[in-house]
Amino acid sequence: MMRLVMARLNPSLIVGGGLVLLVVLLALVSFVWTPHPPMKVLATQAYQRPNAEFWLGTDRFRRDVFTQIVLGSRTALFVGFVSVGVAALVGVPLGIFAAMSPTWLGHLVMRGNDIVLAFPALLLAIMFAALYGGSTQIAMVAIGIATVPSFARITRSGALGVLSTDFVMAARAAGRGPFAIATRHVLPNVVGLIIVQASVSFAIAILAEAALAYLGLGTPTGQPSWGRMLFEAQTTYRSAAYLVLIPGGAIALAVLGFNLLGDGLRDALDPKLARR
Amino acid sequence: MILQLLRRLGVLIASVAVSTVVVFGFMQVLPGNPARVALGVNASDAAVARMTEQYGLDRPLPVQYFEWIVGMLRLDPGIEYISKAPIGPQIGDRLLVTLWLVAAAMVLAVLIAVPVGTWMAMRHRHIDGVVLSGLSQVGVAVPAFLAGIVLISVFAVRLGWLPSGGWVVPASDPVGFVQRLILPSISLALVQGSVLARYVRSAVLDELHQDYLRTAQAKGLRPVQAVFRHTVRNAAVPVVTVLGLQLAGLLVGAVVIERVFVIPGLGSLLLDSVGQRELLTVQTVVMVLVVAVLVINFIVDALYVVIDPRLRVGGRA
């Protein structure tokens with residue numbers, strides 16, 4: 001599949017892949033180096049515009065903005081990985097199960113899926129926050145649960161296509177059990193769909209985390225998060241617009257990256273669309 | 001067709017029923033004593049006991065569940081735990097505000113998306129089409145609340161053209177009402193409009209290679225005329241489905257936007273209730289929003305059956 005992707009490089013894939021790579025590198029580098037020690041009060045003056053010492057300026061707590069952006073990329077990626085991982089681990093088997101089980105059972109699973117689909121990530125997270133207070137973990141679980149239906153749906157429709165092929169019929173005739181068919185034949189053939197869905201879901205997860213942190217229901221104070229930075233800059237955006245534009249730009253670039261990557265992968269993996 | 005619609009109505013009712021159990025279950029079963037949660041960890045045992053007694057929180061859960069359901073059906077889901085205000089009228093007032101916001105945003109989003117999306121499709125091999133397409137990707141990536149903050153700082157603070165937030169009732173001050181509606185609905189519409197424009201683009205692209213379009217051009221219509229007269233109608237079918245999903249997205253987006261613009265809608269009620277631990281209010285508002293999403297999905301499904309005759313016989317798999 002990697003070779004297929006490399007052979008069908010398209011602009012979305014290159015730009016999206018580049019942006020995602022940038023965010024990932026930023027997060028990795030943050031483990032060994034940050035522009036300034038993390039989350040510390042350093043500057044002598046709050047609200048410094050971007051300058052030579054503080055590349056992206058300082059916030060009202062006199063902390064370095066660039067350092068927070070670098071550390072915030074970790075939070076964004078972590079939330080994305082965990083929530084998309086949870087959603088895929090539940091949604092993909094569920095989708096294959098729904099495709100392979102008898103019609104009535106498959107329909108029942110998908111109806112249940114539709115009900116979960118009526119609970120958007122943000123609503124679920126707000127509900128959880130009302131009970132347990134806001135935290136990054138709660139946000140990840142809520143976003144993960146809300147993302148399960150999209151994985152189940154896309155996997156089921158892909159699996160239904162694979163199940164109607166001759167090679168699956170041949171495998172059945174040869175006496176392969178349902179589990180072997182699911183793992184050996186169905187899964188490898190829907191992996192492309194799942195990867196595309198994961199990339200798009202990643203973008204949605206980053207947006208949801210940012211919105212939650214902005215509402216004060218996600219990542220708590222003291223932990224770096226782009227949404228949290230927007231929340232803190234909210235009262236002062238009249239005098240210090242850069243405190244809004246910098247974390248906002250970071251969110252937008254990361255989301256743009258994952259969306260474009262998803263689009264590019266879809267074009268690369270689906271020859272029908274690529275011709276256009 | 002009637003049978004199809006009835007079956008879908010049945011599914012809707014079943015889904016609503018299941019989701020009430022889910023919401024109730026989450027709010028009541030998981031956290032232990034709801035009175036303790038509502039009053040906070042520092043509350044005295046006597047206060048917790050008084051509240052448990054007053055709201056009947058120690059009765060069996062099925063009894064409480066049915067009381068809540070019957071209350072909602074009578075548009076009176078109960079009284080807030082702490083402020084003692086009745087929940088029903090609050091939700092009614094707030095829902096109206098949110099609906100204004102969502103409706104305005106939806107209209108704006110369609111007004112942006114249909115021409116822009118069609119343009120992007122027709123010019124998809126030209127530089128302007130590609131640039132627009134790239135811009136729409138950026139629009140999708142910008143969170144609505146960020147757009148809101150930026151719009152406020154430009155049009156309310158720098159230029160002073162419009163108020164930065166708040167709300168007035170349309171009957172008492174129509175001009176002020178429209179002024180306060182503009183910025184929040186644009187913030188929502190920019191994002192949703194970008195998403196929608198991308199769907200319009202691909203729907204129109206799908207139709208552009210159809211034979212009927214060549215026929216239309218052969219009989220002398222200019223490309224733009226041909227596309228607007230024939231393609232837009234055909235492309236509308238997939239777009240209607242997305243519109244439904246968008247409406248659901250707008251309802252949730254409004255929760256955040258109401259916070260940015262200090263608008264007293266359903267979202268502000270929800271977030272305030274979370275802050276004040278008014279769990280019954282949270283539970284009811286969440287339920288209202290979930291039912292709204294389910295009903296929207298049902299309407300989209302029903303419209304599908306009405307618009308597209310091919311779906312009437314077997315229904316979708």
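As the model is predicted, local features are reported only at pLDDT of at least 70 and side-chain atom pairs count only at pLDDT 80 or more, whereas totals for chains, interfaces and linings use all residues. Residues are numbered from 1 along each chain as its sequence is written, and chains are lettered from A and ligands numbered from 1 in the order in which they are written. Chain A has eleven helices and zero strands, and chain B has twelve helices and zero strands. Helices (H or I, at least four residues) and strands (E, at least two) are DSSP runs, numbered from the N terminus.

**Confidence in chain A**

- The mean pLDDT of chain A is 82, and 85% of its residues score at least 70; pLDDT is the predictor's confidence in each residue, from 0 to 100.
- Within chain A, confidence is highest in helix α6 (residues 136–163), at a mean of 89, and lowest in helix α11 (residues 271–274), at 51.

**Overall make-up of the chains**

- Along the sequence, chain A follows the pattern α-α-α-α-α-α-α-α-α-α-α.
- Chain A has 276 residues, of which 48% count as buried. A residue is buried if 20 or more other C-beta atoms lie within 10 Å of its own, exposed if 12 or fewer, and partly exposed in between, with C-beta atoms placed from the backbone.
- Chain B has 317 residues, of which 38% count as buried.
- In chain A, 69% of the contacts with a separation of 6 or more are between residues 24 or more positions apart. Two residues are in contact if their C-beta atoms, placed from the backbone, lie within 7 Å.
- The corresponding share in chain B, for contacts with a separation of 6 or more between residues 24 or more positions apart, is 70%.

- Ala, Val, Leu, Ile, Met, Phe, Trp, Tyr, Cys and Pro count as nonpolar, Asp, Glu, Lys and Arg as charged, and the others, Gly among them, as polar.

- Helix α10 (residues 242–269) of chain A has 28 residues and spans 39 Å from its first C-alpha to its last, close to the expected 40 Å. The expected span of a helix is 1.5 Å times one less than its number of residues.
- Because 23 of its 28 residues are buried, α10(A) is largely enclosed by the rest of the structure.
- Helix α6 (residues 127–141) of chain B has 15 residues and reaches 21 Å from its first C-alpha to its last, close to the expected 21 Å.
- The buried residues of α6(B) are B:Ser133, B:Ser136, B:Gly139, B:Val140 and B:Ala141; their cover includes α10 of chain A as well as α5 (87–122) and α8 (174–208) of chain B.

**Packing of α5 and α11 in chain B**

- α5(B) and helix α11 (residues 266–275) of chain B pack at an angle of about 130°, with their axes 7 Å apart. Axes are lines fitted to C-alpha atoms, for helices over the stretch in contact, and angles run from 0 to 180 degrees between N-to-C directions.
- The two helices, α5(B) and α11(B), are therefore oblique to each other; angles under 35 degrees count as roughly parallel, over 145 as roughly antiparallel, 65 to 115 as roughly perpendicular and the rest as oblique.
- B:Gln90, B:Arg94, B:Leu95 and B:Thr98 in α5(B) meet B:Leu266, B:Gly267 and B:Leu269 in α11(B).
- By class, this contact of α5(B) with α11(B) has three nonpolar, three polar and one charged residues.

**Individual residues**

- A:Leu207 lies in helix α8 of chain A and is buried, with 29 C-beta neighbours inside 10 Å.
- Not counting residues up to four places away in sequence, A:Leu207 touches A:Val255 and B:Pro143.
- A:Trp104, in helix α4 of chain A, is exposed, with 8 other C-beta atoms within 10 Å.
- B:Val262 lies in the loop between α10 (223–260) and α11 of chain B and has a positive phi of about 50° although it is not a glycine.
- B:Val262 is partly exposed, with 13 C-beta neighbours inside 10 Å.
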